[in-house]
Amino acid sequence: PVHLGVTAVIETSEQIVALTAAIIKVQGEISGVHKNAKNPHFRSSYATLENVIDTARPALQEAGIAFVQAPGMVIDGSVEVTTLLVPTSGEWMRSTLHVPLGKRDPQGVGSAITYGCRYSLMAMLGLPPTDDDGEAAMERAEPPKRQVGINPKTGMATANALKKDTGPDNWT
């Protein structure tokens, strides 16, 4: 197995019957979290922490679940982020995620905490990220494949292609 440096452990109260029923209700209300931001460095989209919370909060409140997230200690180059789910029954479930620091400065710690809060809450609630624009659901025809050695304007073989041709016409 490959270890990427991110570890998490889930702990629960002795009984979680009411909490389980409440999480099932939440999962029935939310199908996913829209990717609403762009990361130009990696040319990718992601769901912001604010969007994750805005998506989850109404269903959590309807099901009677509060959540609390807090950073912990920095240990061996990783910051702890704990997410706690508590329904009105008093049962609880918590997960502590250890997120590696990209940089060992306040901005690096802040980024790791935000990352940990976002993905920990999504994971605990079973919320996948989804494309906001529906692009992933679109059926699109593949663009035509370019034929190597063919001039796309004329449709004729290029001079280099003719030089490299090893077909029967060029055998000596």
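Strands here are DSSP runs of E, at least two residues, and helices are runs of H or I, at least four, both numbered from the N terminus.

Quick housekeeping: this is a predicted model, where local features need pLDDT of at least 70, side-chain atom pairs count only at pLDDT 80 or more, and totals for chains, interfaces and linings use all residues. Residues are numbered from 1 along each chain as its sequence is written, and side-chain values use heavy atoms, leaving out hydrogens and water.

Strand 6 covers residues 78–87 and pairs with strand 5 in the antiparallel sense, over nine bridges; pairing takes at least two DSSP bridges. For I75, the bridge partner in strand 6 is S78.

Now, the inside. A nonpolar core means buried Ala, Val, Leu, Ile, Met, Phe, Trp, Tyr and Cys residues joined through side-chain atoms within 4.5 Å, with buried meaning under 20% relative accessible area, using a 1.4 Å probe and protein chains only. The largest one has 22 residues, and V26, L60, I65, L85, L121, L125 and L127 touch the most other members. Helix 1 (17–29), helix 2 (49–62), strand 5 (65–75) and helix 3 (106–125) each supply at least two of its residues. Which helix gives the largest share? That's helix 2, with five residues. There's also a second, separate core of eight residues, including V79, V81, L97 and C117.

Last stop, the end of helix 3: G126 follows, with a positive phi near 70 degrees.

Conventions
Buried means under 20% relative accessible area, exposed over 50%, partly exposed in between (1.4 Å probe, protein chains only).
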